[in-house]
Amino acid sequence: MDCKLEESGQRTDSQALQGQEGFPEDGGEDGLSEGFRLLQMEVEYEHQEGEASPAHGEVWSSKNVQRKQRHWERIISSKKSKRKQEKERRKAKHAEHPGTSPQHSKRFLKALTKERLLEAKHSGPRLCVDLSMTHHMSKKELSRLAGQIRRLYGSNRKASRPFWICLTGFSTDSPLYEECLRMNDGFSAYLLDVTEEDCVSLFPLDTLVYLTPDSEHPLEDIDLNTVYIIGGLVDESIQKKVTFQKAREYSIKTARLPIQEYMVRRQNEKNYHSEILAINQVFDILSTYFETHNWPEALKKGVSPGKGYILRNSVE
């Protein structure tokens, strides 16, 4: 009798555990099996305690399992009722507003994102992240750069009009690649190009524009026939005019973000003003402008207040 009650309690408890804190409501097989193991351990422990006290063990174990079973059944019933009410509420809302888009599954949204990225590979703007200058970076700098690559890719996945990203000068046996694998889940499955070749050898020179804060030419628009290059550097490793000098060495056209045209310096305690941005911040500006064709809005998105600049129309 005890064995049957314990098994019944285990089955019921493992189902109910999905709705408790620490387990997802729709946890699937992983959440269910984990909850089952925990509950099984708890019941086995109680059973062992019951065996240690033969006089009261049988009665205590049976009543305890029954009490828990009733408790979990109430929780399950409550959650089922809430899910049913929420489903009916969504149906009623959709009936009132038939023009609104239905909520899509994660699988559908993932497929849609993949379709947009692959379409960008053939017809979207191209962005190269030049990683050929990372040889002398410290472990800390490599970690920061790997984090910026992750954020850049995440922003591109969410964009309604994504770029096609190419990581150039990037060896798969380099410390940076290992750091990207360590820090970024699913990095090896990112929908982008990874190549050891330099961007100069991949595309015709007349299609390249190196984005560097040292350029004299402000970027006016984003051209689908142009390949834009961002230098893969971080604040600690940036040396003055490194990217600008490389562009001049290979006769690549240069441009800078139009920060000076749309923003002004703001007084601060440290009197600090910098146009040097992380690669993900540069990308956020490019991506926002490509979607909105509005430089002030794009610059506000990527230039943080800590850089010491504010939009001209924000000046009182």
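Predicted model: local features only at pLDDT ≥ 70, side-chain atom pairs only at ≥ 80, totals over all residues.
Thanks for coming, everyone. Residues are numbered from 1 along each chain as its sequence is written, and side-chain values use heavy atoms, leaving out hydrogens and water.

Let's start with helix α10. Helices (H or I, at least four residues) and strands (E, at least two) are DSSP runs, numbered from the N terminus. Twelve of the 14 residues of α10 are buried, so the rest of the structure largely encloses this helix. Among those buried are Phe-283, Asp-284, Tyr-289 and Phe-290. What lies over them? The cover includes β1, α5, β2, β4, β5 and α11, counting contact as heavy atoms within 4.5 Å.

How about its length? The expected span of a helix is 1.5 Å times one less than its number of residues. For α10, residues 279-292, that gives 20 Å, and the end C-alpha atoms are 20 Å apart, which agrees. Just after α10, His-293 takes a positive phi of about 55 degrees.

Now to α5, one of the elements covering α10. This helix has 20 residues and reaches 29 Å from first C-alpha to last, close to the expected 28 Å. Its buried residues include Leu-142, Leu-145, Ile-149 and Tyr-153, and their cover includes α4, β1, β2, α6 and, in return, α10.

Next, strand β5. Five of its five residues are buried, so β5 too is largely enclosed by the rest of the structure. Val-227, Ile-229 and Gly-231 sit on one side, with Tyr-228 and Ile-230 on the other. Two strands pair if DSSP finds at least two bridges between them. β1 and β5 run parallel, joined by five bridges, with Cys-128 opposite Ile-229. β4 also pairs with β5 in the parallel sense, over four bridges, and there Leu-211 partners Ile-230.

Last stop: Tyr-309, in strand β8. Is Tyr-309 buried or exposed? At 6% relative accessibility, this tyrosine counts as buried. Beyond residues up to four places away in sequence, Tyr-309 touches several others, including Ile-259, His-273 and Val-303. Met-263 is 46 residues away in sequence but 6.0 Å away in space, C-alpha to C-alpha.

Technical notes:
Buried < 20%, exposed > 50% of the residue type's maximum accessible area, 1.4 Å probe, protein only.
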